[in-house]
Amino acid sequence: MVQAPRRRVVVAAGAVLGLLLTAAFGCCLVAPAACAAAPPIPGSPLDAYNQHVPYDSGVHQIARLVALIAYVLMVATVVLGVMLRLRFMQRSVNRATFYGAHMTLALSAMIFGAIHGLTFLYQPIWRIGWTQLGVPFVGGVQRVPVGFGIVGTELAVAVACSVWLQRRLGYHRWLRIHQLAYVAFALIWLHIFLVHPEPRHFNPVSVGIAAGAATVLLVFLIRLLPSRSRLRQRAFPDGAGAVR
């Protein structure tokens, strides 16, 4: 009886992973043909050429590089956050070490994410100012995908700032706010997937992005699994049978 919730979560995890893999495979098959017949991507070099607008390839490379670094740091932040919950990992590494690494990676991810957004201030074709950079869904180029990225980044910043309010909020209420980091990651992943077709093709970048998303999904499902202490508490609500 104790293992029933765990079995249900495992079955759900298998179903979700199967759907994601099927969707990713379908995108890899359909996207090349669709992109070939589609008009130029808004904000792309070809779009800038058609509109006779200057395009800075150096700014593009910087934006792409810092975006990939921020994505890797986000995945590492989520993984370390879940590892803080796994007690068997803390037997070999001190919890304070995990916590320090988790906070450092989170701060680094937000810094690189901010640099990624700031680079578009210097890309003429995007026509992004400070308002479009801070307020979601008001930009003129790729409004929805860019808006997802802005909302996800601002939500991640809010989750990080909630650390300083933990004592006032109480641990359990703060934990619910902190778990919004998964929502922030999902929004940023949608931004990455929709803003450019590169993640939808089969290449090293798309494989890395898919691997990062699968890793976060896996640790999220691990986070949903009840810990041994909670399972024992459900099985023995009066404390009888608890291992001492």
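Biologist: What should I know about the numbering and the confidence cut-offs?

Modeller: Residues are numbered from 1 along each chain as its sequence is written, and side-chain values use heavy atoms, with hydrogens and water left out. As the model is predicted, local features need pLDDT of at least 70 and side-chain atom pairs count only at pLDDT 80 or more, while totals for chains, interfaces and linings use all residues.

Biologist: What makes up the secondary structure of the protein?

Modeller: It comes to 12 helices and zero strands. Those are DSSP runs numbered from the N terminus: H or I over at least four residues for helices, E over at least two for strands.

Biologist: Why is α7 called roughly antiparallel to α10?

Modeller: Look at the axes, which are lines fitted to C-alpha atoms over the stretch in contact, with angles from 0 to 180 degrees between N-to-C directions. Helix α7 (residues 143–161) and helix α10 (residues 181–195) cross at roughly 155°, their axes coming within 8 Å. Angles under 35 degrees count as roughly parallel, over 145 as roughly antiparallel, 65 to 115 as roughly perpendicular and the rest as oblique. So α7 is roughly antiparallel to α10.

Biologist: Which classes of residue make that contact of α7 with α10?

Modeller: There are 15 nonpolar, four polar and no charged residues. Nonpolar covers Ala, Val, Leu, Ile, Met, Phe, Trp, Tyr, Cys and Pro; charged covers Asp, Glu, Lys and Arg; the others, Gly among them, are polar.

Biologist: And what makes α10 roughly antiparallel to α11?

Modeller: α10 and helix α11 (residues 204–224) pack at about 160°, with axes 12 Å apart. Against the cut-off of over 145, that makes α10 roughly antiparallel to α11. Y182, F185, W189 and I192 in α10 meet I209, G212, A213, V216, F220 and R223 in α11, contact meaning heavy atoms within 4.5 Å. By class, this contact has eight nonpolar, one polar and one charged residues.

Biologist: Is H178 buried or partly exposed, and how do you know?

Modeller: H178 has a relative accessible area of 21%, so it is partly exposed. Buried means under 20%, exposed over 50%, partly exposed in between, using a 1.4 Å probe and protein chains only. H178 is found in helix α9 (residues 171–178).

Biologist: Which residues does H178 touch, not counting those up to four places away in sequence?

Modeller: H178 touches H102, V159 and S162 on that count. H178 and A160, 18 residues apart in sequence, are 7.6 Å apart in space, C-alpha to C-alpha.
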